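This report examines selected features of one protein chain. It is written for a reader who has the sequence and the structure at hand.

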Amino acid sequence: MSEDIRIIFMGTPEFAVPSLNMLLDNGYNVVGVITQPDKPQGRKKILTPTPVKEAAEKRGLPVLQPTRLRQPEAVAQVAELRPDLIVTAAYGQILPKSVLDLPRFGCLNVHGSLLPRYRGGAPIQRAIINGETVTGVTLMYMAEGLDTGDMISRVEVAIEPEDTSGTIFEKLSVAGAKLLQGELPKLLAGQSDRTPQNEDEATYAPNLNRDDERISWSDNAQQIYNRIRGLVPFSGAFTLWEENVFKIWAAEQPFINNEVSGSNAPAPGTVLQLTARGIEVQTGEGTLWLTQVQPAGKKVMDAGTFARGGQMKPGTVLG
């Protein structure tokens, strides 16, 4: 039966690739893949295909890359593929009703959170930034709202203290593919459950902006640590040093030391010491050891290596 059902897959980042590969490896008839347009990457701004496009082309699948899926010509292209089912995973655009109404089995989404919490485009990053210890994947029917459709099934995944957005993306991408694999046969046989979301429990995870990336040293050490790992390996967190951007890519998990907190502590953002261990910085509560940094115009480097250069001195205040 699965070979007769025409499936369109929509996705963009690496998170979506395991779900696409699962469909193909299990004999599902994927008739087309829709992904975001190629974007310039790196300092040389080289036009680069999305991970889903690369994966699809390796498997010989036709790929569409509409700038806006809701444009009539894009909707017409989707309709021409005559989908019985649409599966999405981190596609990056909201599907219009004209597309949602096309497949007889509906549109499914592999979403990287435990809905109804963390609806939106950055659920993984914001869960880590907010200090969550558990996240997961929800397989859901898509509706016109932002991640508001009925849920089919969920699976939990622990967020360990050393996890970053990168490691959780990888864990959830695998968990999402397995969840889809287990639920899809039941759905196509008309045997799957659908549970409406509780709107009273809904929270949102909007896409990150520049303000989200800047460290506020008045936060406590754990909050800053969470922000740093929530932004790795994508944008990275940053502070200002001598009015230039100073990126921070890694830090030690903090231990709050009350001896350097409170009224006698230096101002938040003050560099306390620079050693082979890294750079110790005062926060609003406790100190944080930075272990991987990137000065403006330089490559990412070990903070201990940077410290040996002697350019930054104890007493420097980061902003």
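## Aromatic rings

Rings of Phe, Tyr and Trp, the last by its six-membered ring, are taken as a pair if their centres lie within 6.5 Å. The structure discussed here is a predicted model. By this rule, five aromatic pairs are counted. In one of them, W241 and F306 are arranged edge-to-face, with a centre-to-centre distance of 5.6 Å and an angle of 90° between the planes. W241 belongs to strand β10 (residues 237-241) and F306 to helix α9 (residues 303-308); the two are 65 residues apart, and the pair links distant parts of the chain. W241 and F306 are both buried.

Ring pairs also join three phenylalanines, F15, F169 and F234, into a cluster.

## Helix α2 and its buried side

Which residues of helix α2 are buried? In this helix, which spans residues 51-58, they are V52, K53, A55 and A56. These residues lie on the same side of α2, because they cover an arc of only 165° around the axis.

## Helix α3 and its two sides

The buried residues of α3 are A74, V75 and V78. Their arc around the axis is only 100°, so they are on the same side of α3. On the other side of this helix, P72 and E80 are exposed.

What covers the buried residues of α3? The cover includes the strands β1, β2 and β6, together with helix α4. Just after α3, R82 has a positive phi of about 50°.

## Salt bridges

The count of salt bridges is twelve. One of them joins D84 and R104, whose closest N and O atoms are 3.0 Å apart. D84 lies in the loop between α3 (72-80) and β6 (85-89), while R104 lies in the loop between α4 (97-100) and β7 (107-111); the pair therefore ties together parts that are 20 residues apart in sequence. D84 is buried, with a relative accessible area of 13%, whereas R104 is exposed, at 60% relative accessibility.

Salt bridges are also found within helices. E183 forms one with K186, and the closest N and O atoms are 3.3 Å apart. Both residues lie in helix α6, three residues apart, which is about one turn of the helix. E183 is buried at 12% relative accessibility, and K186 is partly exposed at 34%. In helix α7, E213 and R210 are likewise three residues apart and so are separated by about one helical turn. Their closest N and O atoms are 3.1 Å apart. E213 is buried at 12% relative accessibility, and R210 is partly exposed with a relative accessible area of 43%.

I94, L146 and Y204 make a nonpolar surface patch of about 290 Å². Y204 is placed in the loop between α6 (165-188) and α7 (210-213). Its relative accessible area is 47%, so Y204 counts as partly exposed.

## Backbone features in the loops

Where are cis peptide bonds found? One joins L115 and P116, with omega about 10°. P116 is in the loop between β7 and α5 (123-129). Another runs from V232 to P233, with omega near 10°. P233 is in the loop between α8 (221-230) and β10.

Positive phi values also occur in residues other than glycine. Y118 has a phi near 60° and lies in the loop between β7 and α5. E242 has a phi near 50° and lies in the loop between β10 and β11 (244-251). Is each of these residues buried or exposed? Y118 is buried at 7% relative accessibility, whereas E242 is exposed at 60%.

Note on methods. Residues are numbered from 1 along each chain as its sequence is written. This is a predicted model: local features need pLDDT of at least 70, side-chain atom pairs count only at pLDDT 80 or more; totals for chains, interfaces and linings use all residues. Side-chain values use heavy atoms; hydrogens and water are left out. Buried means under 20% relative accessible area, exposed over 50%, partly exposed in between (1.4 Å probe, protein chains only). Helices (H or I, at least four residues) and strands (E, at least two) are DSSP runs, numbered from the N terminus. The arc is that of the directions from the helix axis to the C-beta atoms. Patches are made of residues with over 30% relative accessible area and no salt bridge: like charges are joined within 9 Å, nonpolar side chains (Val, Leu, Ile, Met, Phe, Trp, Tyr) within 5 Å. Accessible areas come from the Shrake-Rupley method with a 1.4 Å probe; for residues, only the protein chains shown count as cover. A salt bridge is a side-chain nitrogen of Lys or Arg within 4 Å of a carboxyl oxygen of Asp or Glu. Rings of Phe, Tyr and Trp (its six-membered ring) pair if their centres lie within 6.5 Å; planes under 30 degrees apart count as stacked, over 60 as edge-to-face and the rest as tilted. Contact means heavy atoms within 4.5 Å.
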